[in-house]
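Morning, everyone. Please take a look at the structure on the screen, and I'll talk you through its charged pairs.

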Amino acid sequence: MAKDSNKIAYREFGDEEPDTDETSEIPPNQHKLKIEASRKGKGGKTVTIISGFQVSPETLTSLTKTLKNQCGAGGAMKDNSIEIQGDHRQKLLEIVTKLGYKAKLSGG
């Protein structure tokens with residue numbers, strides 16, 4: 001007697017395996033970015049943080065590299081936001097606006 005290997009004995013939720021490759025990347029003009037300078041947790045050093053991205057990690061990595069080059073500073077990508085070393089709020093606002101993103105300055 002042959003067993004049917006396609007037969008499912010128990011499945012609690014859903015029909016198929018969930019797709020983990022879902023990236024809901026929206027166009028740049030639909031982003032609402034916030035640009036702020038911060039010193040919290042940085043040892044007294046100022047960093048400019050751009051948050052509010054809804055893009056794939058590859059796009060965010062590419063954008064981080066571009067912004068670091070334009071500012072001539074180091075930086076990093078963390079939790080769908082970009083940190084650039086130093087206070088570059090105004091310059092970054094101009095750059096991301098030219099790239100088609102909607103952004104505004106936050107904080108004082």
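First, a term: a salt bridge is a side-chain nitrogen of Lys or Arg within 4 Å of a carboxyl oxygen of Asp or Glu. Side chains of opposite charge can pair when their charged atoms come close.

Now the ground rules. This is a predicted model, where local features need pLDDT of at least 70, side-chain atom pairs count only at pLDDT 80 or more, and totals for chains, interfaces and linings use all residues. Residues are numbered from 1 along each chain as its sequence is written, and side-chain values use heavy atoms, with hydrogens and water left out.

How many salt bridges does a search of the whole structure find? Three.

Take lysine 78 and glutamate 83. Their side chains meet in a salt bridge, 3.7 Å from N to O. Are these two buried or exposed? Buried means under 20% relative accessible area, exposed over 50%, and partly exposed in between, with a 1.4 Å probe and protein chains only. Lysine 78 is partly exposed at 40%. Glutamate 83 is buried at 12%.

Next, glutamate 36 and lysine 34. Their salt bridge spans 3.9 Å, N to O. Glutamate 36 has a relative accessible area of 23%, so it is partly exposed. Lysine 34, at 34%, is partly exposed too.

Then there is aspartate 87 with arginine 89. The closest N and O atoms of this salt bridge are 3.2 Å apart. Aspartate 87 is partly exposed, at 44% relative accessibility.

Leaving aside neighbours within four places in sequence, histidine 88 is in contact (heavy atoms within 4.5 Å) with Thr48, Cys71 and Ala73.
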